[in-house]
Amino acid sequence: MSTVIQPGAAESTSQTVTAAPPVPVIELQGLSVRFGKRDILKDLTCSLRGRAIGLLGPNGAGKSTLINTLLGFYPPTGGSARVLGFDVRRETRSIRRLIGYMPENDAFISKMSAVSFVQMMAELSGLPSAAALERAHEALFCVGLAEARYRELGTYSLGMKQLAKLAQAIAHGAKLLILDEPTNGLDPSARQRMIRMIRDIRDSKQLQIVLCSHLLRDVEDTCEEVLILNQGRIAHYSNLEEERKANKRFLELETYGANGDFTEAIEKLGCECAVTANRLKMILADGVEVRDIYRIAAERDVRIRRLNFRRDTLEDIFLKAMGN
Amino acid sequence: MAVYRRTYTSYVGPLTPSWSRSLVLFRYSRRKLFRSKFQTGLFVLCFFFPLGCLLTIYLAHNLSFLERFGGVSASFISIDNKFFLTFLGVQGVLAFVLTAFAGPGLISPDLANGALPLYFCRPFSRAEYVLGKASVLAILLSQITWIPGLVLFAVQASLAGTAWTWDHFWIAGSLVLSSFIWIAVLSLLAMALSAWVRWRIVAGALLLAVLFFGAGFGQAINAVMHTQSGRFFDIGYLMTIVWTSLFRVENEGPITSGQAWIALLIYCAICLALLVRKVRAYEVIK
């Protein structure tokens, strides 16, 4: 898949994903958005096809603006954007028919029970009343609000409101689920539940997900592709799945009794090494296997306390993209 | 997505036509409105005066019944344009009171709780949203203004005969048109104010203030500046001028019906502009 062909972007990558959907989920061609004299999004160009796409970036990077533009809330001032093949300027209604959106901020109707709220939202998406009611119950079961579904939304805790927002986003059977900071304000266990739920929805393979967050763990735990924005520009594109596979030859050792001789022996095999205290990071050369490392360690009486395959974490990727 | 399985499945059933989405909003908003006993009570109260008018029309056509009660003459009860104007005047006040309580609850909770992005991320436009919400007020107010008005007219027509009906048929049109204007002004005003302040109680108070303090403010301007232009701030007065012209009742006020029409249209345009500005998924801060 060709991605991020972006003049001015900090970094770009070209990668291939097998069994990619025929129509890109998001396709941007020089997209710019301006509020007054402020350029919020600047000349974004990319094509994203993953089943779960993460939008990352520091606060104010333009993530939410990009999502709102894709939903047709903000008009682009330049370039074009397509969602599931539909133009955001001309085919907003078609896009909205296929989308389930969970906004970042509080969004509910206080004097309404969760089931009525989700039913109404499903009806507004076009479901007949009876089907909407059934789907509302099912969506609330699905997100884990079954016991509280007849309670008024105004009485819900923050975590429950987040789940209710997720329920209204999936009740009408969207093809694309856009989640804007879904774990905002959640305690660790509620966050875990939310992430698990997003993964379950992703793994159902019935819809695609765009997850917007400034929390790296959320994106790392759920997404296959990541687009990092910084100051309204694309700072980096990364296909996490591909990187996970590619970094299988990146090893991190924690040793006892290692000296320069051990490192030298490994380097003679053609591996690149970096030593910090008792830790040794290396990239295995072609033809070199882990058993060779164990053999060299045994020959030199070096004990290997820990051996991990270590890939770049999303944090590493993010920090690189931010130029830090 | 069966309940027992608790896993996500997509929806493959039929969809409703696009034009029917406003009706969804209307249905839910109306149901919510009548969940309040106070609102329901107020709505029921609005039918007492039409019932009184109905009785009056009956008595006016049954002189013998009246004379049985101490020789009361029916001549003072004249069922004409002024009778229907009075009916609409009273019902108009009740419509205003009903709007002050029911109107702000339609939009302000959505704005206060940030629900608008949830509406507009669906195949549902801002115009449809306003239409859906306004239709709640429009139908509610219709039920207490022109619909009972037409019922009274029909009863009077059936009792007075064909000649009276043909001579006074224009009254039915005036009833409907006058009610439509008042409903439009009240609905737009209520929705614009509740969209602006986002707090239901304040929006209700503001609506009362616009009508009552507007009149007071206008009087103050008249007194200070020795003019009659302050009357343009009195929406109730402007409405009365329009109604009197529609009901062919003489108006000797300082403002002509044409000026009153223009002033009301300007008020409606301002309300629409406020709604266009405020009813959107996210406000753009430039």
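How many bridges join strand S4 (residues 78-83) of chain A to S5(A)? The answer is 2, and the two strands run antiparallel. The model you are looking at is predicted: local features need pLDDT of at least 70, side-chain atom pairs count only at pLDDT 80 or more, and totals for chains, interfaces and linings use all residues. Residues are numbered from 1 along each chain as its sequence is written, while chains are lettered from A and ligands numbered from 1 in the order in which they are written.

**Chain A at a glance**

- Chain A has a mean pLDDT of 85, with 90% of its residues at 70 or more; pLDDT is the predictor's confidence in each residue, from 0 to 100.
- Take care with residues 1-19 of chain A, where pLDDT stays under 50. The model has 45 contacts beyond four places in sequence for this stretch, two residues being in contact if their C-beta atoms, placed from the backbone, lie within 7 Å.
- Chain A holds 11 helices and 14 strands. Helices (H or I, at least four residues) and strands (E, at least two) are DSSP runs, numbered from the N terminus.
- Along the principal axes, the C-alpha atoms of chain A fill a box of roughly 75 × 45 × 35 Å.
- Of the 324 residues of chain A, 48% count as buried. Buried stands for 20 or more other C-beta atoms within 10 Å of the residue's own, exposed for 12 or fewer, and partly exposed for anything in between, with C-beta atoms placed from the backbone.
- Among chain A contacts between residues at least 6 apart in sequence, 67% join residues at least 24 apart.

**The four-stranded sheet of chain A**

- An open sheet of 4 strands in chain A has the order S2-S1-S4-S5, with antiparallel pairing; two strands pair if DSSP finds at least two bridges between them.
- S2 (38-48) and S5 (86-87) of chain A are the edge strands, each with a single partner, so one side of each has no neighbour in the sheet.
- Opposite A:Asp87 in S5(A) stands A:Arg82.
- Helix H1 (residues 63-70) of chain A lies across S1 (26-35), S2 and S4 of that chain, and runs at about 70 degrees to S2(A). Axes here are lines fitted to C-alpha atoms, for helices over the stretch in contact, and angles run from 0 to 180 degrees between N-to-C directions.

**Around strand S13 of chain A**

- S13(A) (residues 279-283) has A:Leu280 and A:Met282 on its covered face, and A:Arg279, A:Lys281 and A:Ile283 on its uncovered one.
- S13(A) pairs antiparallel with S11 (residues 250-256) of chain A over 5 bridges, and A:Met282 is the bridge partner of A:Leu251.
- S13(A) also pairs antiparallel with S12 (residues 272-276) of chain A over 5 bridges, and here A:Ile283 is the bridge partner of A:Glu272.
- The hairpin of S12(A) and S13(A) has 2 residues between the strands, and A:Ala277 takes a positive phi near 50 degrees in it.

**Where the chains meet**

- Contacts link 43 residues of chain A with 35 residues of chain B.
- On the side of chain A that touches chain B, H4(A) gives the largest share, 7 residues.
- By class, that side of chain A has 22 nonpolar, 12 polar and 9 charged residues. Ala, Val, Leu, Ile, Met, Phe, Trp, Tyr, Cys and Pro count as nonpolar, Asp, Glu, Lys and Arg as charged, and the others, Gly among them, as polar.

**Nonpolar cores**

- The largest nonpolar core has 163 residues, and A:Val118, A:Ala167 and A:Ile170 have the most contacts inside it. Such a core is a set of buried Ala, Val, Leu, Ile, Met, Phe, Trp, Tyr and Cys residues joined through C-beta atoms within 7 Å.
- Helix H11 (residues 169-197) of chain B gives this core its largest share, 13 residues.
- Beyond its neighbours within four places in sequence, A:Ile170 is in contact with A:Gly100, A:Ala139, A:Cys142, A:Leu177, A:Ile201 and B:Tyr8.
- Another core, of 11 residues, lies apart from the largest one and includes A:Leu251, A:Leu284, A:Ile293 and A:Ala297.

**Inside chain B**

- Helix H6 (residues 104-112) of chain B has 7 of its 9 residues buried, so it is largely enclosed by the rest of the structure.
- Just after H6(B), B:Gly114 takes a positive phi of about 65 degrees.
- B:Cys53, found in helix H3 (residues 48-60) of chain B, is buried, with 23 other C-beta atoms within 10 Å.
- Leaving aside neighbours within four places in sequence, B:Cys53 is in contact with B:Phe87 and B:Leu152.
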